[in-house]
Amino acid sequence: MKLATLIAISSVPLAAFAGEPPAAPMQPTPAGDWFTGATYGMLEADSNADHVANGEPYNLVDPTVEEFEFDMYTLHFGRNLNQKFLGCDLAAYAELGYITGDATLKDFGRALTSLDIDIIPITLNLHAEREFFAGIKGYLSAGMGLAFTDYNDNYSGDGGSDTGFYAQAQIGLAYDIDENWEIYGGARWLYLEDLDFGDNGVQLDNSIGYEIGVRYHF
């Protein structure tokens, strides 16, 4: 009886050895070459609206105009190029944005009307980033494309839309949360001077703002 028991016990590891090896623990899927992300930012832009308010169609006596303040939302989709330039990893991406803001016209400090402006830019961009330490990276991006504008003059009731050239650049810091997710934040410069906001003659100067974002690599 003892001999049979010993044989049975000793056969267990032999059977395990002869069978399939135990499955390896599952590993997280490494990040691929593609990525998608989104940002939110706040921008301010100077304009010539104070000069416009002092002429047609307003003819204000003591015109003042608050600066245009914009909220900016973007979505982007791109791919790592698996190339380096000056030690930086390169990527390319397409971005769709939505920029909305207004400015109030005043005469002797009394608000008379406001101009509402919406801008939808579509751009192709080149992105370069370099890791400094422990998942913290610096980045630079630049791109250009078209912007579709829509405006409404709450004084005259006029409104309209147009299409113009658009360019932008970004600089900031990013942090890798894990192999797939990263967060980032920095400054964004917008080229707006070619955008037309109708017969009211309002023009926007280049704008600089700040933004935060998140990106997923897959």
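Which residues form a negative surface patch? The patch consists of Glu-44, Asp-46, Glu-69, Asp-102, Glu-193 and Asp-205. The model is predicted.

**Strand pairing around β9**
- Strand β9 spans residues 207–217.
- Trp-181 has Tyr-216 of β9 as its bridge partner.

**The two faces of β9**
- The covered face of β9 carries Ser-207, Gly-209, Glu-211, Gly-213, Arg-215 and His-217.
- The uncovered face carries Ile-208, Tyr-210, Ile-212, Val-214 and Tyr-216.

**From β1 to β3 and β4**
- β1 is also joined to strand β3, residues 68–85, by twelve bridges, and these two strands run antiparallel.
- Thr-36 faces Phe-77 of β3 across this pairing.
- β3 in turn runs antiparallel to strand β4, residues 88–107, with 14 bridges joining them.
- Two residues separate the strands in the hairpin of β3 and β4, where Leu-86 adopts a positive phi near 55 degrees.
- Glu-69 has Asp-102 of β4 as its bridge partner; both residues are also members of the negative surface patch.

**Salt bridges**
- Eight salt bridges are found in the whole structure.
- Lys-137 and Glu-129 form a salt bridge through their side chains, at 3.0 Å from N to O, and both residues are buried.
- Lys-137 also meets Glu-182 in a salt bridge, with an N to O distance of 3.2 Å.
- That pair connects distant parts of the chain, since Glu-182 sits in strand β8 and Lys-137 in strand β6 (residues 136–153), 45 residues apart.
- Glu-182 has 1% relative accessibility, so this residue counts as buried, the cut-off being under 20%.
- Lys-137 has 6% relative accessibility and therefore counts as buried as well.
- The side chains of Arg-215 and Glu-182 form a further salt bridge, at 3.2 Å from N to O.

**The negative patch**
- Glu-44, Asp-46, Glu-69, Asp-102, Glu-193 and Asp-205 make up this surface patch.
- Asp-205 is located in the loop between β8 and β9.
- Asp-205 has a relative accessibility of 35%, so this residue counts as partly exposed, a class that lies between 20% and 50%.

Technical notes:
Residues numbered from 1 in each chain as written. Predicted model: local features only at pLDDT ≥ 70, side-chain atom pairs only at ≥ 80, totals over all residues. Heavy atoms only, no water. Buried < 20%, exposed > 50% of the residue type's maximum accessible area, 1.4 Å probe, protein only. Helix = DSSP H or I, 4+ residues; strand = E, 2+ residues; numbered from the N terminus. Pairing = 2+ DSSP bridges. Patch = residues over 30% accessible without salt bridge, like charges linked within 9 Å, V, L, I, M, F, W, Y side chains within 5 Å. Areas by Shrake-Rupley, 256 points an atom, 1.4 Å probe, with all protein chains shown as cover. Salt bridge = Lys/Arg side-chain N within 4 Å of Asp/Glu carboxyl O. Lys, Arg positive; Asp, Glu negative; His and termini not counted. Charge placed at Lys NZ, Arg CZ, Asp CG, Glu CD.
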